[in-house]
Amino acid sequence: MKVGIIGSGHIGGTLTRRLCALGHDVTVANSRGPESLAGLAAETGATAGTVDQAVGAAELVVVAVPLFAVPNLPTKAFDGKVVVDANNYYAQRDGDIPDIADRSISSSRWVAGHLAGAHVVKAFNNIQAQHLLEQGRPAGAGDRIALPVAGDDEQAKQLVMGLVDELGFDPVDAGTLDESWRQQPDTPVYGTDRDAEGVRVGLASARP
Ligand SMILES: NC(=O)c1ccc[n+]([C@@H]2O[C@H](COP(=O)([O-])OP(=O)(O)OC[C@H]3O[C@@H](n4cnc5c(N)ncnc54)[C@H](OP(=O)(O)O)[C@@H]3O)[C@@H](O)[C@H]2O)c1
């Protein structure tokens, strides 16, 4: 699959490494430009690009940036794309975003508001980058970690669930973007590396 990855840090860099190793055609971009990505490109075989290049050719785009940077992205370029929102809201880093802070809306609903033409799916936000890098396991393994996947577009969600499985994790359908607060920071499934049944129980028992 042609994958664009926006952000080359802990999560974007990890997904660049893992998806390239699986044979996907990855273009990665960051805020400093392609020259700064020469090392990652040489290591993985990914293409270093601009944000527009990474989004333009992609069948699927991962956004892994500090949440405050989302409105600075070229939002029109995302129209019609399946976009994985791997981001979390941390007020100390992202500043005051009142609608998220007062829990009126989920952080992915806020992202979807900025990327209004995209099919946004929330995934990978609740696992530490190092675990995403190292703890993928074959289907059926007893210690396979499960990851919640939430989105409004069923086809887009299925595409992302397939990718989660390919990366070595059990995808669990976590409902719609409005329900995706159940996998945000401070919920039972956040950073806890549960199996599929544990994720289902954790999503159901999350409290606003
Ligand atoms: N760290 C984790 O284990 C983890 C786990 C799950 C989810 N998350 C979430 O994933 C997101 C990314 O976290 P991270 O830890 O990967 O952050 P990070 O290591 O600080 O990397 C952030 C990346 O975003 C890029 N960026 C910032 N503004 C940009 C813009 N306007 N256009 C293009 N790229 C831009 C940065 O570019 P430069 O490299 O040029 O500065 C950098 O590559 C956050 O929302 C975080 O909460 C993190």
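Predicted model: local features only at pLDDT ≥ 70, side-chain atom pairs only at ≥ 80, totals over all residues.
1. In this note, Ala, Val, Leu, Ile, Met, Phe, Trp, Tyr, Cys and Pro count as nonpolar, Asp, Glu, Lys and Arg count as charged, and the others, Gly among them, count as polar.

2. His-10 places a polar side-chain atom 2.8 Å from an oxygen atom of the ligand. Asn-87 likewise has a polar side-chain atom at 3.3 Å from a ligand oxygen atom. For Asn-88, a backbone N or O atom lies 3.2 Å from an oxygen atom of the ligand. As for cover, the ligand on its own has 900 Å² of accessible area, and the protein covers 78% of this.

3. Where does the ligand sit? The space that the ligand takes is the largest pocket. This pocket contains about 640 Å³ of space. Its lining is made up of 31 residues, and Ile-11, Ala-64, Val-65, Pro-66 and Arg-93 are the closest to the centre of the pocket.

4. Which element gives the largest share of the lining of the largest pocket? That share, 3 residues, comes from helix 1, which spans residues 10-21. In composition, the lining of the largest pocket divides into 16 nonpolar residues, 14 polar residues and 1 charged residue.

5. The second largest pocket has about 220 Å³ of space. Among the residues that line the second largest pocket are Tyr-89, Tyr-90, Trp-181 and Asp-186; Arg-103, Ser-107 and Gln-184 also belong to this lining. The lining of the second largest pocket consists of 7 nonpolar, 3 polar and 2 charged residues.

Methods. Residues numbered from 1 in each chain as written. Heavy atoms only, no water. Polar contact = N/O pair within 3.5 Å; in protein donor to acceptor, adjacent residues only side chain to side chain. Areas by Shrake-Rupley, 256 points an atom, 1.4 Å probe, with all protein chains shown as cover. 1 Å grid on protein atoms, 1.4 Å probe; cavity = no way out; pocket = protein on both sides within 12 Å on 5 of 7 lines; lining within 4 Å. Sits in = over half its atoms within 2 Å of the grid points. Points joined across faces, edges and corners; volume = space filled by probe spheres on them. Helix = DSSP H or I, 4+ residues; strand = E, 2+ residues; numbered from the N terminus.
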